[in-house]
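The following note is intended for a colleague who meets this structure for the first time. The points are numbered so that each may be checked separately.

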Amino acid sequence: MPNTSLTCPHQRHWQQALNAVAQRLVNLPSQRISGRVVRATGMVIEAVGIQVALGDGCLIELPKNGIDDRANYAEAQVVGFSGERLYLMPLAEVNGLIPGAKVLPLGDGAPGSARRFPLGQTLLGRVLDGNGAPLDDLGSLDEAPRAPLATPQLNPLSRAPIEQQIDVGIRAINALLCVGRGQRMGLFAGSGVGKSVLLGMMARYTQADVIVVGLIGERGREVQDFIDNILGKEGLRRSVVVAAPADTSPLQRLQGAAYATRLAEGFRDEGKNVLLIMDSLTRYAMAQREIALAIGEPPATKGYPPSVFAKLPSLVERAGNAGVGGGSITAFYTVLTEGDDQQDPIADSARAILDGHVVLSRTLAEAGHYPAIDIEASISRVMNAVADDNQCRQAQAFKGMLSRYQRNRDLISVGAYQPGHDPRLDEAVRRYPKLEAFLQQRTDECSNLEQSRQALNTVLGNTVLGNTVLGGSS
(Lines give C-alpha, C1' and ligand atoms only; values in the text may rest on other atoms or scores of the structure.)
Protein backbone atom coordinates (compact mmCIF):
# COMPACT_ATOMS: atom_id res chain seq x y z
CA MET A 1 0.00 0.00 0.00
CA PRO A 2 1.55 3.38 -1.00
CA ASN A 3 2.56 5.81 1.70
CA THR A 4 -0.01 8.59 1.43
CA SER A 5 1.58 10.65 4.21
CA LEU A 6 4.10 12.09 1.75
CA THR A 7 2.71 15.06 -0.13
CA CYS A 8 3.69 15.80 -3.72
CA PRO A 9 6.36 18.39 -2.80
CA HIS A 10 7.98 15.86 -0.47
CA GLN A 11 7.93 13.22 -3.18
CA ARG A 12 9.53 15.59 -5.68
CA HIS A 13 12.23 16.51 -3.13
CA TRP A 14 13.16 12.88 -2.47
CA GLN A 15 13.08 12.07 -6.17
CA GLN A 16 15.49 14.94 -6.90
CA ALA A 17 17.82 13.77 -4.12
CA LEU A 18 17.78 10.19 -5.48
CA ASN A 19 18.47 11.45 -8.99
CA ALA A 20 21.46 13.46 -7.71
CA VAL A 21 22.88 10.38 -5.95
CA ALA A 22 22.32 8.25 -9.05
CA GLN A 23 24.16 10.79 -11.18
CA ARG A 24 27.11 10.75 -8.79
CA LEU A 25 27.20 6.95 -8.93
CA VAL A 26 27.22 7.04 -12.73
CA ASN A 27 30.21 9.40 -12.68
CA LEU A 28 32.24 7.17 -10.36
CA PRO A 29 35.18 5.40 -12.07
CA SER A 30 34.86 1.65 -12.58
CA GLN A 31 38.22 1.09 -10.87
CA ARG A 32 40.40 3.05 -8.47
CA ILE A 33 44.18 3.02 -8.28
CA SER A 34 45.80 3.06 -4.87
CA GLY A 35 49.32 3.26 -3.52
CA ARG A 36 50.88 2.33 -0.20
CA VAL A 37 52.84 3.99 2.57
CA VAL A 38 56.51 3.00 2.68
CA ARG A 39 57.93 5.50 5.16
CA ALA A 40 56.82 8.05 7.76
CA THR A 41 59.33 10.42 9.33
CA GLY A 42 58.26 13.44 11.32
CA MET A 43 55.56 15.28 9.44
CA VAL A 44 56.24 13.63 6.04
CA ILE A 45 54.71 10.37 4.81
CA GLU A 46 56.23 8.72 1.74
CA ALA A 47 54.09 6.66 -0.63
CA VAL A 48 54.62 4.70 -3.86
CA GLY A 49 52.33 3.15 -6.43
CA ILE A 50 50.30 6.19 -7.50
CA GLN A 51 50.88 9.27 -9.62
CA VAL A 52 49.29 12.41 -8.15
CA ALA A 53 50.11 15.99 -9.10
CA LEU A 54 52.00 18.29 -6.73
CA GLY A 55 49.51 20.12 -4.50
CA ASP A 56 46.70 17.59 -4.95
CA GLY A 57 45.10 15.63 -2.12
CA CYS A 58 45.13 11.99 -1.05
CA LEU A 59 43.41 9.83 1.54
CA ILE A 60 45.54 7.60 3.77
CA GLU A 61 43.73 4.58 5.20
CA LEU A 62 44.04 4.11 8.96
CA PRO A 63 43.09 1.10 11.10
CA LYS A 64 39.44 0.58 12.01
CA ASN A 65 38.35 2.45 15.10
CA GLY A 66 36.86 -0.58 16.86
CA ILE A 67 33.38 0.95 17.02
CA ASP A 68 32.30 -0.19 13.55
CA ASP A 69 33.85 -1.96 10.58
CA ARG A 70 34.54 1.20 8.60
CA ALA A 71 38.13 2.29 8.02
CA ASN A 72 39.27 5.77 8.95
CA TYR A 73 40.95 8.03 6.44
CA ALA A 74 43.35 10.92 6.97
CA GLU A 75 43.54 13.61 4.32
CA ALA A 76 47.00 14.60 3.09
CA GLN A 77 48.48 16.77 0.37
CA VAL A 78 51.35 16.07 -2.02
CA VAL A 79 54.15 18.48 -1.07
CA GLY A 80 56.95 16.95 -3.13
CA PHE A 81 58.24 13.86 -4.91
CA SER A 82 61.48 12.08 -5.75
CA GLY A 83 61.36 9.62 -8.61
CA GLU A 84 58.34 7.39 -8.06
CA ARG A 85 58.09 8.32 -4.38
CA LEU A 86 55.53 10.91 -3.24
CA TYR A 87 55.99 13.09 -0.17
CA LEU A 88 52.67 13.59 1.62
CA MET A 89 51.87 15.85 4.54
CA PRO A 90 48.67 15.23 6.54
CA LEU A 91 46.29 18.13 7.15
CA ALA A 92 45.81 16.96 10.75
CA GLU A 93 47.63 14.77 13.25
CA VAL A 94 47.62 11.12 12.22
CA ASN A 95 47.36 8.33 14.81
CA GLY A 96 47.62 4.62 14.13
CA LEU A 97 49.42 4.77 10.78
CA ILE A 98 50.96 1.42 9.81
CA PRO A 99 53.48 0.44 7.11
CA GLY A 100 51.82 -0.44 3.81
CA ALA A 101 48.67 1.58 4.54
CA LYS A 102 46.59 2.23 1.43
CA VAL A 103 46.83 5.67 -0.21
CA LEU A 104 43.98 6.82 -2.49
CA PRO A 105 43.97 9.92 -4.70
CA LEU A 106 41.13 12.30 -3.95
CA GLY A 107 38.57 12.85 -6.71
CA ASP A 108 39.32 11.24 -10.04
CA GLY A 109 43.05 11.78 -9.73
CA ALA A 110 43.15 14.58 -12.30
CA PRO A 111 45.32 17.56 -11.32
CA GLY A 112 43.35 20.07 -9.27
CA SER A 113 40.16 17.98 -9.32
CA ALA A 114 39.87 17.35 -5.59
CA ARG A 115 40.69 20.48 -3.63
CA ARG A 116 37.65 22.75 -3.91
CA PHE A 117 36.62 25.25 -1.23
CA PRO A 118 33.34 27.08 -0.46
CA LEU A 119 33.08 30.69 -1.64
CA GLY A 120 30.46 33.41 -1.98
CA GLN A 121 27.92 35.48 -0.09
CA THR A 122 26.65 32.59 2.04
CA LEU A 123 29.93 32.70 3.98
CA LEU A 124 29.40 36.20 5.39
CA GLY A 125 29.25 36.07 9.17
CA ARG A 126 30.88 32.64 9.29
CA VAL A 127 34.07 31.34 10.90
CA LEU A 128 35.89 28.62 8.93
CA ASP A 129 39.05 26.55 9.25
CA GLY A 130 41.81 26.22 6.66
CA ASN A 131 39.86 23.46 4.86
CA GLY A 132 36.72 25.59 4.47
CA ALA A 133 34.84 23.62 7.17
CA PRO A 134 32.71 25.62 9.65
CA LEU A 135 34.11 26.24 13.12
CA ASP A 136 30.88 27.85 14.32
CA ASP A 137 27.54 26.14 14.92
CA LEU A 138 25.65 27.87 12.11
CA GLY A 139 25.13 24.89 9.84
CA SER A 140 26.94 23.27 6.93
CA LEU A 141 28.13 24.95 3.74
CA ASP A 142 27.12 22.17 1.35
CA GLU A 143 25.09 24.56 -0.80
CA ALA A 144 27.86 27.14 -1.19
CA PRO A 145 29.58 27.32 -4.58
CA ARG A 146 33.05 25.82 -4.60
CA ALA A 147 36.26 26.51 -6.48
CA PRO A 148 39.96 25.57 -6.26
CA LEU A 149 42.43 27.79 -4.45
CA ALA A 150 44.59 28.47 -7.49
CA THR A 151 43.57 31.37 -9.75
CA PRO A 152 45.15 32.81 -12.91
CA GLN A 153 47.62 35.61 -12.34
CA LEU A 154 46.34 39.10 -13.13
CA ASN A 155 48.15 40.99 -15.86
CA PRO A 156 49.87 43.87 -14.02
CA LEU A 157 49.04 46.20 -16.92
CA SER A 158 45.33 45.42 -16.62
CA ARG A 159 45.05 46.42 -12.94
CA ALA A 160 43.34 49.70 -12.15
CA PRO A 161 45.75 52.26 -10.61
CA ILE A 162 45.51 53.14 -6.92
CA GLU A 163 43.92 56.60 -6.98
CA GLN A 164 41.29 56.71 -4.22
CA GLN A 165 42.06 57.05 -0.52
CA ILE A 166 40.31 54.60 1.76
CA ASP A 167 39.06 55.57 5.22
CA VAL A 168 40.48 53.24 7.89
CA GLY A 169 39.16 55.21 10.87
CA ILE A 170 42.64 55.69 12.41
CA ARG A 171 43.58 59.37 12.64
CA ALA A 172 47.36 58.90 12.34
CA ILE A 173 46.99 56.70 9.24
CA ASN A 174 44.25 58.76 7.55
CA ALA A 175 46.24 61.98 7.89
CA LEU A 176 49.91 60.97 7.73
CA LEU A 177 50.05 57.51 6.07
CA CYS A 178 47.20 57.68 3.56
CA VAL A 179 46.10 54.23 2.35
CA GLY A 180 44.72 53.81 -1.16
CA ARG A 181 42.00 51.42 -2.25
CA GLY A 182 43.82 48.32 -3.48
CA GLN A 183 47.02 48.95 -1.50
CA ARG A 184 48.93 46.22 0.40
CA MET A 185 50.21 47.50 3.77
CA GLY A 186 52.29 45.75 6.41
CA LEU A 187 51.96 46.18 10.19
CA PHE A 188 55.41 45.54 11.63
CA ALA A 189 55.72 44.92 15.35
CA GLY A 190 57.01 42.63 18.05
CA SER A 191 54.70 40.64 20.27
CA GLY A 192 52.33 42.43 22.64
CA VAL A 193 52.42 45.97 21.24
CA GLY A 194 48.84 46.18 19.95
CA LYS A 195 48.81 44.68 16.42
CA SER A 196 45.56 42.80 16.91
CA VAL A 197 43.81 45.77 18.55
CA LEU A 198 44.82 48.05 15.66
CA LEU A 199 43.61 45.44 13.15
CA GLY A 200 40.29 45.23 14.98
CA MET A 201 39.85 49.00 14.82
CA MET A 202 40.49 48.89 11.07
CA ALA A 203 38.06 46.01 10.65
CA ARG A 204 35.31 47.96 12.42
CA TYR A 205 35.94 51.38 10.90
CA THR A 206 37.26 50.78 7.37
CA GLN A 207 34.84 51.60 4.55
CA ALA A 208 34.62 48.25 2.72
CA ASP A 209 31.85 46.07 1.33
CA VAL A 210 33.32 42.83 2.70
CA ILE A 211 36.03 42.00 5.25
CA VAL A 212 38.05 38.77 5.06
CA VAL A 213 40.11 37.97 8.15
CA GLY A 214 42.85 35.32 8.12
CA LEU A 215 44.09 34.35 11.62
CA ILE A 216 47.13 32.28 10.71
CA GLY A 217 49.37 30.61 13.26
CA GLU A 218 48.27 32.69 16.24
CA ARG A 219 47.13 31.41 19.64
CA GLY A 220 43.81 29.58 19.57
CA ARG A 221 42.49 31.74 22.42
CA GLU A 222 42.93 34.82 20.24
CA VAL A 223 40.46 33.55 17.64
CA GLN A 224 37.46 33.80 19.96
CA ASP A 225 38.79 37.01 21.50
CA PHE A 226 39.24 38.65 18.10
CA ILE A 227 35.73 37.69 16.99
CA ASP A 228 33.92 38.69 20.19
CA ASN A 229 35.88 41.64 21.56
CA ILE A 230 37.78 43.12 18.63
CA LEU A 231 35.72 42.44 15.51
CA GLY A 232 32.34 42.54 17.27
CA LYS A 233 28.91 41.52 16.01
CA GLU A 234 28.64 44.42 13.58
CA GLY A 235 32.04 43.68 12.08
CA LEU A 236 31.39 39.93 11.85
CA ARG A 237 28.13 40.51 9.97
CA ARG A 238 30.04 41.66 6.88
CA SER A 239 33.08 39.43 7.43
CA VAL A 240 34.40 35.96 6.78
CA VAL A 241 36.97 34.68 9.29
CA VAL A 242 39.43 31.92 8.38
CA ALA A 243 41.21 30.54 11.44
CA ALA A 244 44.24 28.23 11.31
CA PRO A 245 45.76 28.61 14.81
CA ALA A 246 49.22 27.54 15.94
CA ASP A 247 48.19 24.01 16.96
CA THR A 248 47.14 23.06 13.42
CA SER A 249 49.53 21.49 10.94
CA PRO A 250 51.82 23.77 8.88
CA LEU A 251 49.91 22.69 5.79
CA GLN A 252 46.65 23.90 7.35
CA ARG A 253 48.25 27.27 8.17
CA LEU A 254 49.61 27.62 4.65
CA GLN A 255 46.27 26.60 3.20
CA GLY A 256 44.35 28.95 5.53
CA ALA A 257 46.26 31.97 4.22
CA ALA A 258 45.70 30.91 0.62
CA TYR A 259 42.00 30.29 1.32
CA ALA A 260 41.50 33.72 2.92
CA THR A 261 43.12 35.31 -0.13
CA ARG A 262 40.94 33.20 -2.45
CA LEU A 263 37.81 34.34 -0.62
CA ALA A 264 38.87 37.97 -1.06
CA GLU A 265 39.51 37.35 -4.78
CA GLY A 266 36.03 35.86 -5.16
CA PHE A 267 34.37 38.93 -3.66
CA ARG A 268 36.62 41.23 -5.72
CA ASP A 269 35.57 39.43 -8.90
CA GLU A 270 31.97 40.26 -7.98
CA GLY A 271 32.90 43.96 -8.09
CA LYS A 272 33.12 44.48 -4.31
CA ASN A 273 35.69 46.48 -2.37
CA VAL A 274 37.28 44.01 0.04
CA LEU A 275 39.40 44.55 3.13
CA LEU A 276 41.76 41.60 3.66
CA ILE A 277 43.36 41.34 7.11
CA MET A 278 45.97 38.63 7.65
CA ASP A 279 47.54 38.00 11.05
CA SER A 280 50.26 37.08 10.42
CA LEU A 281 52.45 36.90 7.33
CA THR A 282 55.36 35.74 9.49
CA ARG A 283 53.46 32.64 10.68
CA TYR A 284 52.68 31.87 7.03
CA ALA A 285 56.40 32.01 6.24
CA MET A 286 57.20 29.81 9.26
CA ALA A 287 54.68 27.20 8.10
CA GLN A 288 56.32 27.09 4.67
CA ARG A 289 59.71 26.78 6.36
CA GLU A 290 58.50 23.74 8.35
CA ILE A 291 57.23 22.05 5.21
CA ALA A 292 60.32 22.86 3.12
CA LEU A 293 62.77 21.63 5.76
CA ALA A 294 60.72 18.46 6.31
CA ILE A 295 61.00 17.44 2.64
CA GLY A 296 64.73 18.16 2.54
CA GLU A 297 65.05 21.69 1.15
CA PRO A 298 68.31 23.24 2.39
CA PRO A 299 68.07 26.24 4.74
CA ALA A 300 69.39 29.60 3.56
CA THR A 301 68.92 32.97 5.29
CA LYS A 302 68.61 32.44 9.07
CA GLY A 303 67.17 28.97 8.56
CA TYR A 304 64.58 29.99 5.96
CA PRO A 305 64.74 27.92 2.72
CA PRO A 306 64.55 29.77 -0.63
CA SER A 307 60.96 28.62 -1.26
CA VAL A 308 59.78 30.83 1.63
CA PHE A 309 60.90 33.97 -0.15
CA ALA A 310 59.22 32.76 -3.36
CA LYS A 311 55.94 32.04 -1.58
CA LEU A 312 55.58 35.48 0.03
CA PRO A 313 55.25 37.56 -3.17
CA SER A 314 53.03 34.93 -4.81
CA LEU A 315 50.56 35.33 -1.92
CA VAL A 316 50.77 39.11 -1.56
CA GLU A 317 50.53 39.87 -5.29
CA ARG A 318 47.08 38.25 -5.42
CA ALA A 319 45.69 41.24 -3.50
CA GLY A 320 45.17 44.65 -5.10
CA ASN A 321 42.85 46.16 -7.68
CA ALA A 322 41.12 44.30 -10.47
CA GLY A 323 40.61 45.96 -13.87
CA VAL A 324 39.25 49.48 -14.28
CA GLY A 325 35.71 49.61 -12.93
CA GLY A 326 36.09 46.31 -11.05
CA GLY A 327 36.49 45.44 -7.39
CA SER A 328 39.52 45.78 -5.15
CA ILE A 329 41.37 44.08 -2.29
CA THR A 330 42.96 46.43 0.24
CA ALA A 331 45.19 44.23 2.38
CA PHE A 332 46.82 44.61 5.79
CA TYR A 333 49.41 41.97 6.71
CA THR A 334 50.94 41.82 10.17
CA VAL A 335 54.65 41.00 10.27
CA LEU A 336 56.10 39.79 13.56
CA THR A 337 59.55 41.29 14.07
CA GLU A 338 61.23 38.86 16.46
CA GLY A 339 63.01 40.75 19.18
CA ASP A 340 61.78 43.99 17.56
CA ASP A 341 64.42 43.43 14.85
CA GLN A 342 63.32 45.37 11.78
CA GLN A 343 66.05 43.59 9.76
CA ASP A 344 64.57 40.15 10.35
CA PRO A 345 64.66 38.32 6.96
CA ILE A 346 60.87 37.97 6.73
CA ALA A 347 60.33 41.60 7.74
CA ASP A 348 62.95 42.74 5.24
CA SER A 349 61.41 40.67 2.43
CA ALA A 350 57.86 41.81 3.29
CA ARG A 351 58.93 45.45 3.38
CA ALA A 352 60.24 45.08 -0.17
CA ILE A 353 57.09 43.56 -1.67
CA LEU A 354 54.42 45.58 0.17
CA ASP A 355 53.16 49.07 -0.75
CA GLY A 356 54.05 50.55 2.62
CA HIS A 357 54.50 49.69 6.26
CA VAL A 358 53.19 50.83 9.63
CA VAL A 359 55.75 50.20 12.38
CA LEU A 360 54.52 49.78 15.96
CA SER A 361 56.96 50.78 18.70
CA ARG A 362 57.39 48.85 21.94
CA THR A 363 58.71 52.01 23.60
CA LEU A 364 55.49 53.87 22.81
CA ALA A 365 53.35 50.92 23.92
CA GLU A 366 55.18 50.69 27.24
CA ALA A 367 54.54 54.41 27.75
CA GLY A 368 50.78 53.87 27.30
CA HIS A 369 50.74 55.52 23.85
CA TYR A 370 48.10 53.77 21.70
CA PRO A 371 48.04 53.07 18.87
CA ALA A 372 51.81 52.75 19.23
CA ILE A 373 52.56 53.87 15.65
CA ASP A 374 56.12 55.01 15.04
CA ILE A 375 55.35 57.68 12.44
CA GLU A 376 59.02 58.34 11.66
CA ALA A 377 59.64 54.69 10.70
CA SER A 378 56.35 54.25 8.81
CA ILE A 379 55.58 55.10 5.20
CA SER A 380 52.84 54.75 2.59
CA ARG A 381 54.23 54.40 -0.91
CA VAL A 382 51.01 55.53 -2.61
CA MET A 383 50.30 58.60 -0.45
CA ASN A 384 51.32 61.04 -3.19
CA ALA A 385 48.83 59.37 -5.55
CA VAL A 386 45.82 59.42 -3.21
CA ALA A 387 46.30 62.61 -1.16
CA ASP A 388 46.37 66.20 -2.43
CA ASP A 389 49.54 68.28 -2.38
CA ASN A 390 48.50 70.27 0.69
CA GLN A 391 47.99 67.15 2.82
CA CYS A 392 51.32 65.69 1.68
CA ARG A 393 53.08 68.92 2.72
CA GLN A 394 51.27 68.92 6.05
CA ALA A 395 52.34 65.33 6.71
CA GLN A 396 55.92 66.29 5.81
CA ALA A 397 55.83 69.23 8.24
CA PHE A 398 54.31 67.05 11.02
CA LYS A 399 56.98 64.37 10.64
CA GLY A 400 59.72 67.01 10.49
CA MET A 401 58.69 68.60 13.77
CA LEU A 402 58.23 65.24 15.49
CA SER A 403 61.63 64.01 14.28
CA ARG A 404 63.36 67.23 15.37
CA TYR A 405 61.92 66.89 18.87
CA GLN A 406 62.87 63.19 19.14
CA ARG A 407 66.48 63.88 18.09
CA ASN A 408 66.81 66.40 20.89
CA ARG A 409 64.69 64.58 23.45
CA ASP A 410 67.61 63.68 25.75
CA LEU A 411 68.80 67.29 25.86
CA ILE A 412 65.29 68.46 26.68
CA SER A 413 64.87 65.82 29.40
CA VAL A 414 68.04 66.79 31.27
CA GLY A 415 67.36 70.52 30.96
CA ALA A 416 70.25 71.23 28.57
CA TYR A 417 67.95 72.66 25.92
CA GLN A 418 67.91 76.48 25.81
CA PRO A 419 65.18 78.19 23.73
CA GLY A 420 66.17 80.82 21.18
CA HIS A 421 69.10 79.07 19.49
CA ASP A 422 67.05 77.08 16.95
CA PRO A 423 63.63 78.56 16.00
CA ARG A 424 62.50 75.32 14.31
CA LEU A 425 63.34 73.26 17.39
CA ASP A 426 61.59 75.86 19.55
CA GLU A 427 58.47 75.41 17.45
CA ALA A 428 58.72 71.60 17.67
CA VAL A 429 59.02 71.78 21.48
CA ARG A 430 56.06 74.13 21.71
CA ARG A 431 53.83 71.96 19.56
CA TYR A 432 54.96 68.53 20.80
CA PRO A 433 52.11 67.97 23.29
CA LYS A 434 49.61 68.54 20.46
CA LEU A 435 51.59 66.28 18.10
CA GLU A 436 51.61 63.49 20.68
CA ALA A 437 47.89 63.86 21.44
CA PHE A 438 47.10 63.77 17.71
CA LEU A 439 48.79 60.38 17.34
CA GLN A 440 46.83 58.81 20.22
CA GLN A 441 43.32 57.41 19.80
CA ARG A 442 40.98 55.31 21.94
CA THR A 443 39.96 51.92 20.60
CA ASP A 444 36.28 52.93 20.62
CA GLU A 445 36.97 56.19 18.78
CA CYS A 446 36.61 56.48 15.00
CA SER A 447 38.22 59.37 13.14
CA ASN A 448 37.09 59.58 9.52
CA LEU A 449 39.01 61.25 6.71
CA GLU A 450 37.49 64.71 7.17
CA GLN A 451 37.93 64.66 10.94
CA SER A 452 41.55 63.50 10.56
CA ARG A 453 42.37 66.30 8.14
CA GLN A 454 40.74 68.93 10.33
CA ALA A 455 42.66 67.65 13.36
CA LEU A 456 45.90 67.88 11.37
CA ASN A 457 45.08 71.48 10.40
CA THR A 458 44.44 72.35 14.03
CA VAL A 459 47.69 70.79 15.26
CA LEU A 460 49.91 72.43 12.66
CA GLY A 461 48.55 75.93 13.20
CA ASN A 462 50.51 78.47 11.11
CA THR A 463 53.49 76.21 10.45
CA VAL A 464 55.68 77.43 7.60
CA LEU A 465 57.15 74.85 5.19
CA GLY A 466 59.27 76.51 2.54
CA ASN A 467 57.34 79.54 1.45
CA THR A 468 53.92 78.03 2.28
CA VAL A 469 51.91 78.51 5.46
CA LEU A 470 50.24 75.22 6.48
CA GLY A 471 47.27 74.59 8.75
CA GLY A 472 44.80 76.97 10.29
CA SER A 473 45.04 79.15 13.35
CA SER A 474 47.24 77.99 16.21
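1. Two strands are taken to pair if DSSP finds at least two bridges between them. Helices (H or I, at least four residues) and strands (E, at least two) are DSSP runs, numbered from the N terminus. The structure is a predicted model, in which local features need pLDDT of at least 70 and side-chain atom pairs count only at pLDDT 80 or more, while totals for chains, interfaces and linings use all residues. Residues are numbered from 1 along each chain as its sequence is written, and side-chain values use heavy atoms, with hydrogens and water left out.

2. The barrel. Six strands form a closed barrel in the order E1-E2-E5-E4-E3-E6, with antiparallel pairing. From one strand to the next the twist averages 45°; for such angles, axes are lines fitted to C-alpha atoms, for helices over the stretch in contact, and the angles run from 0 to 180 degrees between N-to-C directions.

3. Strand E3 (residues 57-62) meets E6 in an antiparallel pairing of three bridges, where Leu59 is partnered with Leu104.

4. Salt bridges. A salt bridge is counted when a side-chain nitrogen of Lys or Arg lies within 4 Å of a carboxyl oxygen of Asp or Glu, and the count by this rule is 13. In general terms, side chains of opposite charge can pair when their charged atoms come close. Which residues share partners in one network? Arg39, Glu46 and Arg85 are joined in this way. The closest N and O atoms of Arg39 and Glu46 are 3.6 Å apart, and the N to O distance between Arg85 and Glu46 is 2.9 Å. Arg85 lies in strand E5 (residues 85-90) and Glu46 in strand E2, so this pair ties together parts that are 39 residues apart in sequence.

5. Glu46 is buried, at 7%. Arg39 is partly exposed at 44%, and Arg85 is partly exposed at 33%.

6. A further salt bridge. Asp136 and Arg126 form a salt bridge whose closest N and O atoms are 2.8 Å apart. Asp136 is in the loop between strand E8 (126-128) and strand E9 (146-147), and Arg126 is in E8, so the pair ties together parts that are 10 residues apart in sequence. Both Asp136 and Arg126 are buried.

7. Strand E16. Are the faces of E16 buried or exposed? Both faces of this strand (residues 356-359) are covered: Gly356 and Val358 on one side, and His357 and Val359 on the other, are all buried. In a regular strand the side chains alternate between the two faces of the sheet. E16 pairs with strand E10 (residues 184-189) in the parallel sense over three bridges, and with strand E17 (residues 379-380) in the antiparallel sense over two bridges. His357 takes part in both pairings: Gly186 stands opposite His357, and Ile379 of E17 is a bridge partner of His357.

8. Helix H6 and its surroundings. H6 has 14 residues and reaches 20 Å from its first C-alpha to its last, close to the expected 20 Å, the expected span being 1.5 Å times one less than the number of residues. Its buried residues include Leu281, Tyr284, Met286 and Ile291. Just after H6, Gly296 takes a positive phi of about 100°.

9. Cis peptide bonds. The bond from Asp279 to Ser280 is cis, with omega near 10°. Ser280 is found in the loop between strand E13 (273-279) and helix H6 (281-294). A cis bond also joins Tyr370 and Pro371, with omega about -10°; Pro371 is found in the loop between helix H9 (362-366) and E17.

How values were computed: Buried means under 20% relative accessible area, exposed over 50%, partly exposed in between (1.4 Å probe, protein chains only).
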